[in-house]
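Hi there,

Here is the structure I promised to pass on to you. Have a look at it first, and then read my notes below.

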Amino acid sequence: MIDNPNYSGIWAPRKIANPAYFEDKTPFASLLPITAVGIELWTMTKDIMFDNIILTDSRATADAWAADSWNKKALQEQMASSGEGALNDFVVYAKENPWVWVAIVA
């Protein structure tokens, strides 16, 4: 290593007195209960979807919510997708890729 004659040790910030500083001994005592949560989800892929988000500390509440909403919706989606077949898959693909129609007509 190259010696540095101006080296004066590890850098540390200067400590400046703050007359407005105070320490709250009970920071959570003044907080109100949380009644809502905002979540911002970004994705760059069109096939990723977020739906039915629940935040709870109760397993029973989560299970009841899932039985009332998610399980029914998943069953409906499964039943709807199982009977559509290859023709519907082709139509969906052709909507996203219109050049397929040119290949079929030609």
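**Salt bridges**

There are two salt bridges in this structure, which is a predicted model.

One of them joins the side chains of Glu 23 and Lys 25, with 3.7 Å from N to O. Are these two residues buried or exposed? Glu 23 counts as exposed because its relative accessibility is 53%, and a residue is called exposed when that value is over 50%. Lys 25 is exposed as well, at 67% relative accessibility.

The other salt bridge links Asp 63 to Arg 59, and their closest N and O atoms lie 3.3 Å apart. How are these two placed along helix α1? They are four residues apart in that helix, so about one helical turn separates them. Arg 59 is exposed, with a relative accessible area of 64%, whereas Asp 63 is partly exposed at 42%.

**The chain as a whole**

The chain has 106 residues, and 4% of them count as buried. Its exposed surface comes to about 10,800 Å², with 61% supplied by carbon and sulfur atoms.

The mean pLDDT of the protein chain is 79, and 84% of the residues score at least 70. Among the elements of the chain, α1 has the highest mean pLDDT, at 76, while helix α3 (residues 99-105) has the lowest, at 68. Where pLDDT is low, the predicted coordinates should not be read in detail. Please keep that in mind when you look at helix α3, given its mean of 68.

Happy exploring, and send me any questions you have!

Best wishes

How values were computed: Residues numbered from 1 in each chain as written. Predicted model: local features only at pLDDT ≥ 70, side-chain atom pairs only at ≥ 80, totals over all residues. Heavy atoms only, no water. Buried < 20%, exposed > 50% of the residue type's maximum accessible area, 1.4 Å probe, protein only. Areas by Shrake-Rupley, 256 points an atom, 1.4 Å probe, with all protein chains shown as cover. Salt bridge = Lys/Arg side-chain N within 4 Å of Asp/Glu carboxyl O. pLDDT = per-residue confidence, 0-100.
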